[in-house]
Amino acid sequence: MVAVACSVFNTAQADPARDLSRCVQHQITDLGYNPGPIDGVIGPQTRKAAAQLRQTHPLRGLISNLPPVDRYSAVSWCRELSRLSATAGRYRPALDVPKIAVDDTLGIGPRGLVKMSAQSAMGFFRSKHSIRLTSRVEFAASNSLEGISTQAKTLDSTTPPRLSHLRDWAKTGCGRKTGVTGVAFNTAIFFCWPLGGSHNKVWANLIRKEFEHVMVHEMMHLVQRELAHEVVPQRQRKKSQSNMGPNWLVEGAAVLIADQYSRKTKTQTRSYFLGLHRRASANDVTLFELRNHNAVPENRAYYAATLATHVLAQRYGTASLFDFWRNVGIIGSAERAFAETFGLPLATYEQVFEEHRRSFVSLIAYAQGED
């Protein structure tokens with residue numbers, strides 16, 4: 001388990017743009033440059049100091065791929081500037097003790113379950129994929145629609161529109177007799193666990209594996225959002241729009257990485273691949289149909305999405321999945337980032353996958369590098 005340290009500044013203000021911009025300003029100062037006042041606003045003086053840093057710092061090669069600093073790219077600057085100094089990393093908002101909203105009348109089980117699962121998931125991303133969250137994260141959990149709505153209101157990041165979307169999810173995700181469900185909104189993750197149980201340590205241990213699996217899945221969505229510079233809503237897009245890429249890849253990667261956590265190295269085996277192929281071949285849903293936001297609503301769609309993502313991970317390496325979202329953040333276009341990362345247009349890969357998907361032998365040959 002990895003302990004969550006406390007950063008040098010805490011904030012109850014629900015404004016990730018200011019938190020991350022303030023982080024960058026602290027780091028630039030720490031590195032010997034003058035970004036102006038530490039006010040959480042990326043203005044001319046901060047941009048000038050960032051440009052000077054990129055031109056003159058001895059380790060500037062480590063940040064050569066960063067786009068110009070602004071309120072959207074600040075999440076990457078905050079993460080990457082940590083590599084230039086032993087002390088710059090202390091300014092990451094993610095180091096704040098995470099806020100956990102649960103019904104404390106249930107006992108110590110729920111809070112401990114969320115805390116330990118979050119630490120385990122963060123440790124996994126750090127040790128397995130060299131990924132550290134940058135934004136301040138919040139968690140809320142309950143077993144009912146009413147409970148999750150109540151807990152959500154205590155989080156700093158909850159806004160009326162987000163609460164409305166959360167309730168829509170909770171209507172189907174909460175109140176179940178079995179199964180843990182989760183959803184990520186920007187920098188917060190919400191969970192509903194099964195009804196019943198005494199909510200003590202024994203109860204927590206019984207559902208811990210499943211809860212951790214869901215935690216890693218939803219945390220992967222936070223990672224995707226950070227790498228793609230989607231933490232701060234882009235002004236030129238509607239709230240319903242996103243630049244995260246095709247939804248089959250967004251969800252498929254979350255499933256694959258969570259399976260990797262739960263199954264250790266078994267996601268690299270032929271049997272795991274075969275199991276995905278059998279399930280995905282039982283339907284005719286195409287990747288093109290799964291491109292749009294919220295287009296992966298059923299298990300049959302998840303199987304197809306995960307299989308397509310697994311083929312990419314096998315052919316190009318699991319690290320390429322994270323590189324894709326990094327490239328989204330750098331380039332600003334998911335389709336261009338896909339071509340840059342995987343060497344072919346998104347539409348071409350979708351077509352190739354559909355051509356191979358019915359034959360396990362053909363698909364695994366393609367995954368292993370054959371054309």
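User: What makes the link of Cys174 and Cys192 right-handed?

Analyst: It's the angle: there are 80 degrees about the S-S bond, and that makes the link of Cys174 and Cys192 right-handed. Keep in mind that this is a predicted model.

User: How do you know that Cys174 and Cys192 form a disulfide?

Analyst: Look at the sulfur atoms of Cys174 and Cys192, which sit 1.7 Å apart. The cut-off for a disulfide is 2.5 Å, so the pair counts as one. In general, a disulfide is a covalent bond between the sulfur atoms of two cysteines.

User: Which parts does the pair of Cys174 and Cys192 tie together?

Analyst: Cys174 lies in the loop between helix H6 (160-173) and E3, while Cys192 is in strand E4, so the bond ties together parts that are 18 residues apart in sequence. Both Cys174 and Cys192 are buried, too.

User: How many disulfides does a search of the whole structure find?

Analyst: Two. The link of Cys23 and Cys78 is right-handed, with 85 degrees about the S-S bond. It connects distant parts of the chain: Cys23 belongs to helix H1 (residues 16-30) and Cys78 to helix H3 (residues 74-80), 55 residues apart. Cys23 and Cys78 are both buried.

User: What is the pairing if you number the bonded cysteines in sequence order?

Analyst: In sequence order, the pairing of the bonded cysteines is 1-2, 3-4.

User: Let's move to the strands. Why is strand E3 called largely enclosed?

Analyst: Count its residues: five of the five in E3 (residues 181-185) are buried, so the strand is largely enclosed by the rest of the structure. Both faces are covered, with Thr181, Val183 and Phe185 buried on one side and Gly182 and Ala184 buried on the other.

User: How do you know that E3 pairs with strand E4?

Analyst: Two strands need at least two bridges to pair, and five bridges join E3 to E4 (residues 188-192), so they pair. These two strands run antiparallel. Thr181, for example, stands opposite Cys192 in E4. E3 and E4 form a hairpin, with two residues between them.

User: Which strands make up the open sheet, and in what order?

Analyst: There are four strands in the open sheet, ordered E1-E2-E4-E3, and the pairing is mixed. Strand E1 (99-101) and E3 are called the edge strands because each pairs on one side only. From one strand to the next, the twist averages 15 degrees.

User: In what sense do E2 and E4 pair?

Analyst: Strand E2 (residues 138-142) and E4 pair in the parallel sense, over five bridges. Within that pairing, Phe139 stands opposite Ile189 in E4. Helix H7 packs on the sheet and touches E2, E3 and E4, and its direction makes about 15 degrees with that of E3. Helix H5 (residues 145-152) lies across E1, E2 and E4, running at about 155 degrees to E2.

User: Why is Asn186 called partly exposed?

Analyst: Its relative accessibility is 21%, and the buried class is under 20%, so Asn186 counts as partly exposed. You'll find Asn186 in the loop between E3 and E4.

User: His229: buried or exposed?

Analyst: Its relative accessible area is 5%, which is under 20%, so His229 is buried.

User: And why does Glu212 count as buried?

Analyst: Because its relative accessibility is 9%, again under 20%. Glu212 lies in helix H7 (residues 201-227).

User: What makes the pair of Glu212 and Tyr261 a polar contact?

Analyst: The side chains of Glu212 and Tyr261 come to 2.7 Å, and the cut-off for a polar contact between N or O atoms is 3.5 Å, so the pair qualifies.

Key:
Residues are numbered from 1 along each chain as its sequence is written. This is a predicted model: local features need pLDDT of at least 70, side-chain atom pairs count only at pLDDT 80 or more; totals for chains, interfaces and linings use all residues. Side-chain values use heavy atoms; hydrogens and water are left out. Buried means under 20% relative accessible area, exposed over 50%, partly exposed in between (1.4 Å probe, protein chains only). A polar contact is a pair of N or O atoms within 3.5 Å; within protein, one must be able to donate a hydrogen and the other to accept it, and residues adjacent in sequence count only if both atoms are side-chain atoms. Axes are lines fitted to C-alpha atoms, for helices over the stretch in contact, and angles run from 0 to 180 degrees between N-to-C directions. Contact means heavy atoms within 4.5 Å.
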